[in-house]
Amino acid sequence: MDASTAWPTADPLGEALHFLRMSGTFYCRSDFTAPWGLALPPMPDCLMFHVVTHGRCWLDVPGQPPRWLQPCDLVLVPHGRGHALLSEPGVLPVGLFDLPREFAGDRYEVLRHGGGSAPTQLVCGAVRFEGAAARHLVAMLPPVIAIDTAQDTSFGWLQGLLRFMAAEARLMRPGGEAVVTRLADILVIQALRAWLERGEGTARAGWLRALQDRQLGRVIALVHRDPAHPWTLDTVAARAAMSRSAFAERFTRVVGEPAMQYVTRWRMCLAETWLKEPGASVATVASRLGYRSEAAFSRAFKRCTGRAPGSVRGR
């Protein structure tokens with residue numbers, strides 16, 4: 001029995017989140033006193049997050065209205081855009097890498113800055129998502145995702161997690177770096193879940209909308225799980241328990257492209273990730289994706305990406 005029929009897919013959206021591979025670039029605890037301003041530089045391919053653990057501040061993302069952040073607020077800036085955190089509007093921010101820092105670990109720093117008045121403490125970080133599923137999801141996220149745990153009683157558990165994280169960041173007991181960084185990763189995933197569950201904007205469009213559709217979501221999850229399976233329009237329609245014509249029309253309308261085009265594009269996204277792995281060969285990647293010949297795979301890859309697979313290898 002292959003992976004396409006091995007077990008039911010009850011939660012395609014949860015499965016998509018499960019396949020996200022996240023690696024932390026840096027994490028820091030910031031102890032600021034007013035007036036203060038911090039400028040975060042652009043970090044391509046990174047998602048940046050900020051948790052206010054004490055005090056208040058403004059988030060200023062270019063092209064977005066300024067946002068007032070309070071204790072237990074969690075905010076994501078998904079697309080690596082440069083932005084600023086300020087004690088109040090109009091403060092001239094100092095660049096992140098221009099501030100003195102204390103290194104508490106390989107990826108954990110402590111920043112201190114400001115004029116000596118009202119204190120604000122934050123836990124901030126930048127994480128990088130890897131893999132095709134991550135690129136699909138991150139590309140559809142809005143410029144800012146903000147979770148106000150104080151205004152929504154359903155986030156009571158999240159407030160507790162944030163308070164625990166704040167205590168660990170403040171005390172930095174032995175093992176504190178590992179605790180804070182792992183909690184930060186959990187918070188990022190939980191923030192994405194909360195945004196998806198709210199169903200705002202792009203969360204109800206295209207691929208994300210399809211994942212939340214019982215029949216289409218099942219098919220997409222099966223394709224993601226077993227990309228090498230010899231999928232055809234007939235087999236994916238059968239997995240959705242729909243007629244071929246009804247499935248084809250619905251998939252194209254919701255996702256924005258035909259089903260078999262999506263299957264090919266998903267395979268090529270995986271191929272691009274796998275080709276960059278050390279020691280990867282075009283022939284091995286072609287075989288992993290179910291292609292009978294390296295030439296057939298190379299033609300499909302170039303048709304989909306505009307590049308030869310050899311140009312991607314090892315990059």
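Let's start with Arg 307, which is partly exposed in this predicted model, with a relative accessible area of 29%. Arg 307 forms a salt bridge with Glu 272, and a search of the whole structure turns up 10 salt bridges. Below are notes on some of these pairs, followed by a look at helix 8.

**The Arg 307 pair**

- The closest N and O atoms of Arg 307 and Glu 272 are 2.7 Å apart.

**A network of salt bridges**

- Side chains of opposite charge can pair when their charged atoms come close.
- Arg 29, Asp 31, Glu 102 and Arg 112 are joined in a network of salt bridges.
- Within this group, Asp 31 pairs with Arg 112, and their closest N and O atoms lie 3.7 Å apart.
- That pair links distant parts of the chain: Asp 31 is in strand 1 (residues 21-33) and Arg 112 is in strand 10 (residues 108-114), 81 residues apart.
- Arg 112 also forms a salt bridge with Glu 102, with 2.3 Å between the closest N and O atoms.
- Glu 102 lies in strand 9 (residues 101-103) and Arg 112 in strand 10, so here the parts tied together are 10 residues apart in sequence.
- Asp 31 is buried, with a relative accessible area of 14%.
- Arg 112 counts as partly exposed at 41% relative accessibility, and Glu 102 counts as partly exposed at 43%.

**Helix 8 and its buried face**

- Helix 8 (residues 244-255) has 12 residues and reaches 16 Å from its first C-alpha to its last, close to the 16 Å expected at 1.5 Å a residue.
- Which residues of helix 8 are buried? They are Phe 247, Phe 251, Val 254 and Val 255.
- Viewed down the axis of helix 8, these buried residues fall within an arc of 80 degrees, so they line one face of the helix.
- An α-helix has 3.6 residues a turn, so residues three or four places apart point the same way.
- The cover over the buried residues of helix 8 includes helix 5 (206-211), helix 6 (214-225), helix 7 (233-239) and helix 9.
- Gly 256 follows helix 8, and its phi is positive, near 100 degrees.

Terms used: Residues are numbered from 1 along each chain as its sequence is written. This is a predicted model: local features need pLDDT of at least 70, side-chain atom pairs count only at pLDDT 80 or more; totals for chains, interfaces and linings use all residues. Side-chain values use heavy atoms; hydrogens and water are left out. A salt bridge is a side-chain nitrogen of Lys or Arg within 4 Å of a carboxyl oxygen of Asp or Glu. Helices (H or I, at least four residues) and strands (E, at least two) are DSSP runs, numbered from the N terminus. Buried means under 20% relative accessible area, exposed over 50%, partly exposed in between (1.4 Å probe, protein chains only). The expected span of a helix is 1.5 Å times one less than its number of residues. The arc is that of the directions from the helix axis to the C-beta atoms. Contact means heavy atoms within 4.5 Å.
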